[in-house]
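Hello,

Here is the structure you were expecting, followed by notes on what turned up in it. Please read the notes with the model open.

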Amino acid sequence: MFDYDVAVIGLGPAGSTFARLAADSMKVFALSRPVGEGGFSKPCGGLLSSDAQKALSRFDLTLPKDILVDPQIFSVRTIDLKSGLIRHYQRFYINLDRDRFDSWMASLIPNSADIVRGVCRSIKRLEKGGFEIAYTDSEGEKRITARYVVGADGANSAVRKSLFPQKKFRSYVSIQQWFDEKNDSPFYSCIFDPDTSDSCSWSISKDGKFIFGGAFAPENCREMFELQKQKLSEKFGFKFGVPVKTEACMVLRPKTLADFCTGENGAFLIGEAAGFISPSSFEGVSWAINSARLLAQAIAAQNPNKSYHRLTRTIRLKLLLKRLKCPFMYHPLLRRWVMKSGLQTIEVTPTQRRPLE
Ligand SMILES: Cc1cc2nc3c(=O)[nH]c(=O)nc-3n(C[C@H](O)[C@H](O)[C@H](O)COP(=O)(O)OP(=O)(O)OC[C@H]3O[C@@H](n4cnc5c(N)ncnc54)[C@H](O)[C@@H]3O)c2cc1C
């Protein structure tokens, strides 16, 4: 009756995980834009958190070393721009190349799934049930039908916008720029500046490049981004130079239960498309993988939408609990108090570097 049991739109960590798991028992169509040069690169810090490492370890997955980048960093330099306070905190991230990570995750999808590199143009609910998906690939416009559709297409999800247009999410604009590394030693930082954003910014060094990015309210986002760069270079010695790449995208920041949408009537949302991203740190890979795993579990149930919604209750609760952390990170007085207290900070003594022999 349908061409496929399920159509997955988007092969980031969420879509690739779901397609890999579902392909064992279902006929899967997976559509996503090409990755990397000339295609789509997800603007991302490319830091794999310990939660994401745990999510991968549930599948006994280990990372190939060519996904890693140089250097691996063990602490975050936290900077309060307004008060000038700087503190270092230990972190257990893996520094990786996001394009290569996405390609690797997609490579794990079994051959039984049909993977198409193209762009989803529309999703239509059919009267008889199921969905028609129109897309373009290198050969032109095509259509397929599927019993279920899974929106794994990120913050700006076309699936969510087509099928749940009434859903409104709290969103920010994330801007990232890449520079040739000119700083004396590579570092990872997290920056707070209430004058330019009620969110945070970050920098990370990767394979000879220095990346600076931040999340901003949509109004004047570019101006505020440039202002932060100026302050960081004037007051904190950040070395930017001429950007080699500028990228921007929408990023969601869930605040209430209404900021999540798991789908209805045969349509499902996973990963960031569902609003599953940390509102405090913008860590999203673990939630993407975990929500995909839960949907793969739920989709065989008699009422898969109900089952998926129930299974993701813990995700929603954990993300809302992360909101409780926000005042201590984002309220200027509380943040200053936490930073001044020295709680969990580490003392850092810079080391002179010499080239390896
Ligand atoms: C600037 C920034 C930095 C971040 N840094 C980190 C970090 O360091 N660590 C971390 O854990 N999280 C980070 N996040 C969050 C993380 O990137 C996301 O939460 C995570 O990628 C969500 O995974 P996903 O699979 O749900 O969606 P995505 O990774 O966004 O994947 C969506 C996929 O859908 C495809 N797609 C979208 N629309 C279409 C369409 N119309 N047709 C075909 N394909 C489509 C895209 O090509 C993409 O492959 C960051 C986010 C931002 C914005």
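A residue is taken to be near a molecule if one of its heavy atoms lies within 4 Å of it. By that rule there are 34 residues around the ligand, and Gly45, Leu47, Arg98, Cys120 and Glu272 come nearest. Keep in mind throughout that this is a predicted model.

The ligand site

Several elements build the shell around the ligand. α1 (13-22), β8 (119-125), β11 (171-180), β15 (245-252) and α6 each supply at least two of its residues.

- Lys42 places a polar side-chain atom 3.1 Å from an oxygen atom of the ligand.
- Gly46 has a polar backbone atom 3.3 Å from an oxygen atom of the ligand.
- Gly284 has a backbone N or O atom 3.0 Å from a nitrogen atom of the ligand.

As for cover, the ligand taken alone exposes 1,000 Å², and the protein buries 95% of that.

Domains and cores

The domain assignment of the protein chain gives domain 1 (4-53 + 98-169 + 257-324) and domain 2 (78-94 + 171-252 + 325-341). Their centres, taken over C-alpha atoms, are separated by 29 Å. Across the boundary, 24 residues of domain 1 are in contact with 25 residues of domain 2.

The largest nonpolar core has 78 residues, and those that touch the most other members are Phe18, Val28, Ile133, Val149 and Ile270. Helix α6 (residues 285-298) gives the most to this core, with six residues. Where does the core lie relative to the two domains? Both domain 1 and domain 2 give residues to it, so the core lies between them. In general, nonpolar side chains in soluble globular proteins tend to be buried together.

Not counting residues up to four places away in sequence, Phe18 touches Val6, Val8, Val150, Ile270, Ala292, Leu295, Ala296 and Ile299. There is also a second, separate core of 16 residues, which includes Ile79, Leu81, Ile175 and Cys221.

Backbone points to check

Most residues other than glycine have a negative phi, and most peptide bonds are trans.

Asp60 is not a glycine, yet its phi is positive, at about 60 degrees. Is Asp60 buried or exposed? Its relative accessibility is 70%, and exposed means over 50%, so Asp60 counts as exposed. The peptide bond from Asp70 to Pro71 is cis, with omega near -5 degrees. Pro64 counts as partly exposed, because its relative accessibility is 27%. From Pro64 to Ser75 there are 11 residues along the chain, and their C-alpha atoms are separated by 23 Å.

Asn265 also has a positive phi, of about 45 degrees, although it is not a glycine. Asn265 sits in the loop between β16 (263-264) and β17 (267-269). With a relative accessible area of 59%, Asn265 is exposed.

Two more residues

Arg323 belongs to helix α8 (residues 313-330) and is partly exposed, with a relative accessible area of 26%. Leaving aside neighbours within four places in sequence, Arg323 is in contact with Arg170, Pro254, Lys255 and Pro279. With Lys255 there is a polar contact: the side chain of Arg323 reaches the backbone oxygen of Lys255 at 3.4 Å. Arg323 and Gln344 are 21 residues apart along the chain, with 20 Å between their C-alpha atoms.

Pro218 is found in the loop between β14 (209-216) and α5 (221-236). What is its relative accessible area? For Pro218 the value is 41%, so this residue is partly exposed. Val173 is 45 residues away from Pro218 along the chain, yet their C-alpha atoms are separated by 5.5 Å. Apart from neighbours within four places in sequence, Pro218 is in contact with Ser171 and Val173.

Regards

Definitions and conventions
Residues are numbered from 1 along each chain as its sequence is written. This is a predicted model: local features need pLDDT of at least 70, side-chain atom pairs count only at pLDDT 80 or more; totals for chains, interfaces and linings use all residues. Side-chain values use heavy atoms; hydrogens and water are left out. A nonpolar core is a set of buried Ala, Val, Leu, Ile, Met, Phe, Trp, Tyr and Cys residues joined through side-chain atoms within 4.5 Å. Buried means under 20% relative accessible area, exposed over 50%, partly exposed in between (1.4 Å probe, protein chains only). Helices (H or I, at least four residues) and strands (E, at least two) are DSSP runs, numbered from the N terminus. Domain bounds come from an automatic or database domain assignment. Contact means heavy atoms within 4.5 Å. A polar contact is a pair of N or O atoms within 3.5 Å; within protein, one must be able to donate a hydrogen and the other to accept it, and residues adjacent in sequence count only if both atoms are side-chain atoms. Accessible areas come from the Shrake-Rupley method with a 1.4 Å probe; for residues, only the protein chains shown count as cover.
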